[in-house]
Amino acid sequence: MTLPNWNLKKFYVNIDDNKISKDLKVLSKKSKNFSNDFRNKLGSLKASQLIDSLKDFEKIQEIIQKIQSFAYLSYCTNQLDEKNKKFYQQVEEKISEIEKNLIFYGIELNKLSTKQLLPFKKTKYKNWIENHRKFKRFQKSEDNEKLLVEKSITSSSAWVKFFDQTMARLKFLFNGKELTETEILNFLSSTDANIRKKAALVFGKTLKENAFNFCFIMNTISKDLDIDKNIRGFEFSESSRHLYNQIEKSDVDSLVKTTSDNYSSICHRYYKYKKKFFGNGKLNYWDRNAPYPGQKESKISWNKAREIVVNAYTDFDKRFGNIANLFFENSWIDAQVKKGKTSGAFSHPTVPSCHPCILVNYQGKIRDVMTLAHELGHGIHQYLANKNGVLLADTPLTLAETASVFGEMLTFRSMLNKSKNKNEKIFLLRSKIEDMLNTVFRQIAFFKFERTVHEKRAKGELSEDEICEIWMSTQEESLGNSIKFDENYKYFWAYIPHFIHSPFYVYAYAFGDCLVNSLYKKYEDGYDNFKHKYQNLLQAGGSVHYQNHLNNFELDPKKSDFWQLGMNLIKNLIDDLEKLS
């Protein structure tokens, strides 16, 4: 199966491209000129000059993020290449120096009075200014902000890089072969029970052997977050995440509570159903996402996966199908499994002057097709939002997973409607339910794990056993007593990249899934002008508050039953599955 690799030439020819060093020099000059032109002068500018200052700031950010995107995308497909690593580090350090010239701007903007900021009310930057204003009481002096930026290279950013390179270097010895993380995890969904068991044992054993490193990274990342919390005056370690995501902690608490309250009626119920087909008193944890006995899953070629997903988007709206095709036609997707390539999948928005880039590790399974549909949803969202410019293209967490999960649902429903017999329908329902359990319940369990780790770390360093104990407690609570664990499973927290890359991000998946369940119900019910309103939602990026969009669909996450509506859709799928089975 021939799989595509990225074509990044819209950014630069390669990491040796002379234009990179030229752009860095231009950036340095522009940032210094910007500082000279506007430092300590914002309060005396005319309305048009003040607006122009933000436009100039945005132009500089466009170049910064273009270089950073190229460096990261080049690095993450081959993290073992010394030249790639060196280039990535050099870019990070040079950008950090440049950004120190710009720190004053955000601080001085927030020193302006509400009246002085009125000129922005009539511009596209209105929402950006309002969101930026929310950080006012958490900002420090310019000298301190510079110090925090500079130190990040040797604090959180350094530990993220160390984690990535540690995972990329791990070798999982399986039947005499050294496998990568992606390859060994793929065996956990093998049709052979013995292979699944051996893969799980090898994976857990290797994580255990490297637990000192992972424990040290987790403790350091958590302490760094705690220090930042104290410096800025946040109440909780997670507070900065909620602020960036433009969401209240109370809304997240409501989501967590509703999900936890449904553990038994949904998550535990499904695994109780599944264990009956495996002939054991309990379901081994390596069988949690396993194919059912006797189930044959044929490999889906890359071309077939493209056809399935693009057709699903096209059937919804031709405009969406056309955008999805751009990713295939222009090599905006890197799908090949390679040593040194980061595991998992993502869609990087990059910058409006270029294009989003999707990374997947495609291995021909139905889950890989759903992952492709998911990331293409992100890609379409990012492509549409790019028209807002680099400051407003970025979508807050509250809507960040909407297009991706909606795309998955479109693909699932398309495949279900086209399925030819009962067995196909059962297979698709089981796959979709398991995906939703992983998206909602697993991610909320992750979030509760993080909350407890960071709360306890604030009081002192945690041992491996303490972190493992928190992991097992939150896993057992969410998965129920139908799942059987072994000693090695307690180390599985160690490989989850979100805990290190972006603490507390994981609730975004559950938020997005439950929100999309409600949105999709509106679509199925023929809600007035749905497609137009949905496209407007995606095109808006971060220029409109998410609640204004949801009001257009008569949805309100503050209502007590909002999250339960999403849970009920999963329950209905389990009902359908049990009837067919």
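Me: Hi! Which residues does Tyr534 touch, leaving out those up to four places away in sequence?
Reply: In this predicted model, Tyr534 touches Phe316, Phe320, Thr402, Ala403, Phe406, Leu519 and Phe553.

Me: And what does Tyr534 do in the largest nonpolar core?
Reply: That core has 138 residues, and Tyr534 and Trp493 are the two that touch the most other members. Helix H20, residues 422-457, supplies the largest share of this core, with 15 residues.

Me: Which residues belong to a second core?
Reply: A separate core of 47 residues has Ile51, Ile64, Leu112 and Val351 among its members.

Me: How much of the chain is buried, overall?
Reply: Buried residues account for 57% of the 581 in the protein chain. As background, nonpolar side chains tend to be buried together in soluble globular proteins.

Me: OK, switching to the fold. How many helices and strands are there?
Reply: The protein chain has 26 helices and seven strands. Its radius of gyration is 24 Å, close to the 25 Å from the globule rule for 581 residues, so the chain is as compact as a globular protein of that length.

Me: What box do the C-alpha atoms fill?
Reply: Along the principal axes, the box is roughly 75 × 55 × 45 Å.

Me: What about contacts between residues at least 6 apart in sequence: what share joins residues at least 24 apart?
Reply: That share is 78% in the protein chain.

Methods
Residues numbered from 1 in each chain as written. Predicted model: local features only at pLDDT ≥ 70, side-chain atom pairs only at ≥ 80, totals over all residues. Heavy atoms only, no water. Core = buried A, V, L, I, M, F, W, Y, C linked by side-chain atoms within 4.5 Å. Buried < 20%, exposed > 50% of the residue type's maximum accessible area, 1.4 Å probe, protein only. Helix = DSSP H or I, 4+ residues; strand = E, 2+ residues; numbered from the N terminus. Contact = heavy atoms within 4.5 Å. Rg over C-alpha atoms; globule rule 2.2 N^0.38 Å.
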